[in-house]
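This report concerns the salt bridges, strands, cores and surface features of one structure. Please consult the sequence and coordinates below while reading.

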Amino acid sequence: MKKGWQVALLIILILIADQALKIYIKTHYTLQEEHNILGRFFRLHFVENAGMAWGWKFGGDFGKIALTLFRLIAVILGVFYLRSIIRKKYHPGFIVCAALIFAGAAGNLIDSMFYGMIFSNSDYYMHNVAEIFPPHGGYAGFLHGRVVDMLYFPIIQTHYPSWFPVWGGEEFEFFSPVFNLADASISVGVIAILIWQRKFFPHKEAITTTDAPVVTTTTPVVNENL
């Protein structure tokens, strides 16, 4: 994976898979619609995220624009960073991880920049499925799109025991986030770097020796007959 075209191919494949799944969900599911894929442990659950990770928001419309512009700048800088580490021949594993993070960021950036313009609104109460390229325009303007999430893995769904402090009797769910392939790509890249950072960035051991340098001296010969 050292060559630039191989990295570009990896990024393109991730973007195609991510966008294909998002477009399918957006044009076939109503908001909050859910279907089991592998029993109750893996589901497709359609939600839209107008903010950052975990649905956090800040600053209303201004905050949304600022967040999208930040993502755009990060992706542009990412292009130069990827080119730099490829030219400098960084560890192939690290290059792959950087490409995964870049592809994920770019995938969500596409949603934020364009989805508001090319899709009609998805509505839970009216059971409206979004239309792509609607004749009367999309649900929002440029930079105001919402990120499409759909992957849901509620591995454990139960309740806290009644005796449990504070949350006794309330619902407990292990791994509740709903995410997309772009998010997964970023997470895999970051986690892999953390796990194999010593392999990707080996430290050069200082070479030391306990042997003292050998110094040879000669004693001048004195002619006593002089």
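The side chains of Glu48 and Lys26 meet in a salt bridge, with 2.3 Å from N to O; a salt bridge here is a side-chain nitrogen of Lys or Arg within 4 Å of a carboxyl oxygen of Asp or Glu. This pair connects distant parts of the chain, since Glu48 belongs to strand S2 and Lys26 to helix H1, 22 residues apart. Glu48 and Lys26 are both buried, where buried means under 20% relative accessible area, exposed means over 50%, and partly exposed lies in between (1.4 Å probe, protein chains only). Helices (H or I, at least four residues) and strands (E, at least two) are DSSP runs numbered from the N terminus.

The model is predicted: local features require pLDDT of at least 70 and side-chain atom pairs count only at pLDDT 80 or more, whereas totals for chains, interfaces and linings use all residues. Residues are numbered from 1 along each chain as its sequence is written, and side-chain values use heavy atoms, with hydrogens and water left out.

The count of salt bridges comes to five. Three of them are listed here.

| Salt bridge | N to O distance | Location |
|---|---|---|
| Lys22 and Asp18 | 2.9 Å | both in H1 |

Asp18, Lys22 and Asp111 are linked in a network of salt bridges. Within H1, Lys22 and Asp18 lie four residues apart, about one turn of the helix, and both are buried. Lys22 counts as buried because its relative accessible area is 0%. Asp111, likewise at 0% relative accessibility, is therefore classed as buried.

Two strands are taken to pair if DSSP finds at least two bridges between them. S2 runs antiparallel to strand S1 (residues 34-38), to which it is joined by four bridges, and Asn36 stands opposite Arg43 of S2. S1 and S2 form a hairpin with three residues between them, and Gly39 in this turn has a positive phi of about 60 degrees. S2 also runs antiparallel to strand S3 (residues 147-152), with five bridges joining the two; here Leu44 stands opposite Leu151 of S3.

The nonpolar cores are sets of buried Ala, Val, Leu, Ile, Met, Phe, Trp, Tyr and Cys residues joined through side-chain atoms within 4.5 Å. The largest has 24 residues, and those with the most contacts inside it are Val7, Ile11, Leu82 and Ile85. Two or more residues come from each of H1, helix H2 (60-87), helix H3 (92-118) and H4. H3 gives the most to this core, with eleven residues. A second, separate core of 15 residues includes Ile25, Phe42, Leu44 and Tyr115.

Ser185 is found in helix H4 (residues 181-195). Its relative accessible area is 7%, and Ser185 is therefore buried. Leaving aside residues up to four places away in sequence, Ser185 touches Ile14, Leu100, Ile101, Ala103 and Gly104, contact meaning heavy atoms within 4.5 Å.

Most residues other than glycine have a negative phi. Gln32, which is not a glycine, has a positive phi of about 75 degrees and lies in the loop between helix H1 (4-28) and S1. Gln32 counts as partly exposed because its relative accessibility is 37%. Val166, also not a glycine, has a positive phi of about 65 degrees and lies in the loop between S4 and strand S5 (171-174). At 71% relative accessibility, Val166 is therefore classed as exposed.

Ile155 lies in the loop between S3 and strand S4 (156-159). Ile155 counts as partly exposed because its relative accessibility is 41%.
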